[in-house]
Amino acid sequence: MTMRKQLKRHCGLAMACGMTLSLAHASAWAVLKPDDQPRPKINLFPTSVVESLSETSRAARDMESDMYDVVAKLDKQNRAYQSTNCANSDDKGCLQLRKAIRGTYKEMLEVMQSSIPSMRNSLDSTASAMGGSLRGEIGRKMTPGDVQRILAGRSTSQQGMTVTTTSSARQGKLSKMFSRYYELVKRGGQQSDALPVLASQIYLDSMQSLYYLDLLEAEIGSQSTELVLELEWGELTDQISATVGDVKALLWGETDRSQDILEVGLEAPQQQETYSDLLVK
Amino acid sequence: MNVSATALKLATPVVLLLGLTACAQQSVQPASYCGLSSTNNVDKLFMEASQKLQDPNCYHAFPEYKEELIAAASGAPGPENEARFARLLRESIDSGIISKRQGQEIFSQYFDPEFYAVKSEARSSCTSLRRKDELYAAMRVELAYKREGMLDILDDEPRFREAQRHYSDMHMVFDAVEVACMQES
């Protein structure tokens, strides 16, 4: 296997991890203000959706928990490798350390690979339930204008919008994202009006997560094969370190932008009674 | 008898010609007749436009007035401009220069944080979103009008931010609904 090809593969995995990570940016909030005019009534979060979300959050937490130890071990080995200036050294100790790192890296990939199917099943079920809800409640029952009226009815009140982070420091970004969604749905779902932005965010994130899980799985498969071949003599690459970095960020999160979206669309429009004749309801 | 008949024959075309000229002078106004003055006083300009629009000969100038008034109001932004435009639109609707729907369209496009292009979609979302690109293009154009109306004319940044939020929220919801609708088909 050529170095160039290896680099390409490692880059691919790093990218897939990064893309999965990027999904953690999102969380949404929407609260509808008390009706002062009739708005379409919809229920985007039936019990099946709430249960799926809870299950996805649990599956993500399990995956992160399974990976915690192996990533910590890899991180420790990597630090030792860096501190002893082993890069490009043919010293026996360095060769052993290099081999150990590769072995742990392979172990990490295997843990990820074994966690992916249950994560995928859970995400699949969330995406399917959420998609059915969006299609049935908005796609078929409502016009785009109805959607706009619902979005316009959101309250300025941010009461209860702050998502309490009750999670431990070890809780990863992926599980955090879905547990935050779960919490939001639990609170928002009790209201009679629906939360289309939140539902859309959950649906799109689930679909994208599924896509990147597939990419990740394919990439892990090909890297595992390469690692078996190169376990004895291969050079460590920066891409391995980069991938480990991405996985760590996926697990524990270094830059959490998940609150950003919470700022979106929270203010209710002012009632423009003065111009009501010139505004379309 | 013959002499008077001949005189009558000669006089008739002359009279007709004079009459036609007089009519022409009455109905065809000089180009400047419907034009607005070049004053920078926004109030005065709105008043002028309002007066001119009472004359049916100037009805055709409504689109030009609209553009000129937008430009003038942009030079003196403030919340009072909304009432000025609303008054002019109401007068124009009452005079039959524009329909109520046209008046609502203009006012909404510039001053309403919600999107007229979205409100005017009468079909279900699954059906409407088959032409999502067209809807998004219309929303983009309307967002530019809103920028002009809310920022340049009213100097009302919070309202424009609200329009932007509507824009991005609707994009997200429509994207998701479109994917969900496509998953079934």
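**Reading an interface and a helix pair**

Q: How many residues of chain B are in contact with chain A?

A: In this predicted model, 38 residues of chain B are in contact with 29 residues of chain A, contact meaning C-beta atoms, placed from the backbone, within 7 Å. Residues are numbered from 1 along each chain as its sequence is written, and chains are lettered from A in the order in which they are written. Local features need pLDDT of at least 70, side-chain atom pairs count only at pLDDT 80 or more, and totals for chains, interfaces and linings use all residues.

Q: Which element gives the most to the side of chain B that touches chain A?

A: H9(B) does, with 17 residues. Elements giving two or more residues include H4, helix H5 (100–111) and helix H9 (157–184) of chain B; helices are DSSP runs (H or I, at least four residues), numbered from the N terminus.

Q: How are H2 and H4 of chain B placed, and at what angle do their axes cross?

A: Two packed helices are described by the angle between their axes and the distance between the axes. Here the axes of H2(B) (residues 42–52) and H4(B) (residues 80–94) come within 10 Å and cross at roughly 5°. That makes the two roughly parallel (angles under 35 degrees). B:Phe46, B:Ala49 and B:Ser50 of H2(B) meet B:Arg84, B:Leu88 and B:Glu91 of H4(B).

Q: Where does pLDDT stay under 50 in chain B?

A: Where pLDDT is low, the predicted coordinates should not be read in detail. pLDDT, the predictor's confidence in each residue from 0 to 100, stays under 50 over residues 14–26 of chain B. The mean for chain B is 87.

How values were computed: Axes are lines fitted to C-alpha atoms, for helices over the stretch in contact, and angles run from 0 to 180 degrees between N-to-C directions. Angles under 35 degrees count as roughly parallel, over 145 as roughly antiparallel, 65 to 115 as roughly perpendicular and the rest as oblique. Two residues are in contact if their C-beta atoms, placed from the backbone, lie within 7 Å.
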